[in-house]
Amino acid sequence: MLIISKTEIQAHYLISDAIKDIKLGLDAKKSGKIVNPHRTVISIPKYQASSLYMPSADLSSDIASIKVVSIFPENPKQGKKTTQGVLLLTDAATGEHICMMDASYLTRLRTGALSAIATDKLARVNAKILGIIGTGAMAFEQVMGVLAVRELEGIVLYNRTLEKAVRFKTNLLASGVDIPVRVVNCSKEVVQAADIIICSTRSYEPVFAGKDLQPGTHVNGIGSFLPSMREVDLVTIKRATKIVVDDLSSAKEEAGELIYAEKQSDFSFSDIVGELTDYELLSRSSDDEITFFKSVGSAYFDLVVATAIYKKAILLGFGQKVKL
């Protein structure tokens, strides 16, 4: 079995690679080549934590995967990471388990790629300011993804813990981001300034007021993943003239904002204009419309990225071979 570390993935696989491979995965899903059972989420209330088990298979290439991710928000108090994950690849022709890799960075990459694809199709072409609400582990690749599809002039950051946003700014600048980055004191300042907004929190309550959204804003909601979680409010859902999801079946089970809207208003999941598999057909109708992309994640996104990483590892000779 080949073992691939986060450091090796970071050295050899970029956000641009993930965007390209995710598009191939979206095409494969639309063509019926992907088997993607619903994921299992085990809640651990004692620690306000969750463990997610996400299987998938690409029968056209005879490869399957399962990703296991644990999310333990109280871990930083013990000096441990909030999110930890591993992914196992299996040869679907022989049943051999061929590769295990770190899945935390992989998850951030594929989610950043999903937002990049949605942003490229739904954000205004002349969008210049990116706003981030929630500067945790998932947010960095979100920024990299948007930077890959838009020429920005500035980034605005807000985090409930101010020091975390300041550290995030430092990391962005150290990574080579060469546009102005500023930290603000409330989410309202982000919403009033930004053309593109990314919500990357595990919030159970909306993190901004939909009435404050400026005309022409595009919003990516990528942090919440349980039906009880809500990053955006009902006003945002009602003001959005185009709502797109990464995977409709998963969204119906896990997109708390949309589930809440269906229960509390005349919104229906039939109002969603499409899944990201329809990315080639997605576009804005006007510069003034508000658009919303909701991502809860789906196992086949991990599968296609992990498969590409594995193939690159075989080609370039990185990773550690072990016998179990």
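In the predicted model, Asp17 counts as buried because its relative accessibility is 17%, under the 20% limit that applies to buried residues. Asp17 forms a salt bridge with Lys312, in which the closest N and O atoms are 3.7 Å apart. Lys312, at 24% relative accessibility, counts as partly exposed, whereas Asp17 is buried.

Because Asp302 lies in helix 10 and Lys67 in strand 5, the bridge ties together parts of the chain that are 235 residues apart in sequence. Both partners are buried, Asp302 at 1% relative accessibility and Lys67 with a relative accessible area of 2%. A further salt bridge is made by the side chains of Glu289 and Lys242, with an N-to-O distance of 3.2 Å. Glu289 is placed in the loop between strand 14 (274–275) and strand 15 (290–294), and Lys242 in strand 13 (residues 240–245), so that distant parts of the chain, 47 residues apart, are again linked by the pair. Glu289 is buried, with a relative accessible area of 9%, and Lys242, at 15% relative accessibility, likewise counts as buried. Through salt bridges that share partners, Lys67, Arg110 and Asp302 are joined into one network.

When neighbours within four places in sequence are left aside, Gly25 is in contact with Ile34, Tyr300 and Val304. Gly25 and Val305 are 280 residues apart in sequence, yet their C-alpha atoms are separated by 8.4 Å in space.

Helix 2 (15–30) is also one of the elements against which the buried residues of helix 4 pack. In helix 4 (residues 139–149), the buried positions are Ala139, Glu141, Gln142, Val143, Gly145 and Val146. Besides helix 2, the elements packed against these residues include helix 3 (104–122) and helix 5, together with strand 8 (129–133), strand 9 (154–158) and strand 11 (196–199).

Helix 5 (residues 162–174) is the place of Lys164, which at 35% relative accessibility counts as partly exposed. Lys164 belongs to a positive surface patch that is formed with Arg160, Arg167 and Arg202. Arg202, a member of this patch, is in turn touched by Thr82, whose contacts, not counting residues up to four places away in sequence, also include Ser70, Ile71, Phe72, Pro73, Asn75 and Pro76. Thr82 lies in the loop between strand 5 (63–71) and strand 6 (83–91), and at 17% relative accessibility Thr82 counts as buried.

Note on methods: Residues numbered from 1 in each chain as written. Predicted model: local features only at pLDDT ≥ 70, side-chain atom pairs only at ≥ 80, totals over all residues. Heavy atoms only, no water. Patch = residues over 30% accessible without salt bridge, like charges linked within 9 Å, V, L, I, M, F, W, Y side chains within 5 Å. Areas by Shrake-Rupley, 256 points an atom, 1.4 Å probe, with all protein chains shown as cover. Salt bridge = Lys/Arg side-chain N within 4 Å of Asp/Glu carboxyl O. Lys, Arg positive; Asp, Glu negative; His and termini not counted. Charge placed at Lys NZ, Arg CZ, Asp CG, Glu CD. Helix = DSSP H or I, 4+ residues; strand = E, 2+ residues; numbered from the N terminus. Buried < 20%, exposed > 50% of the residue type's maximum accessible area, 1.4 Å probe, protein only. Contact = heavy atoms within 4.5 Å.
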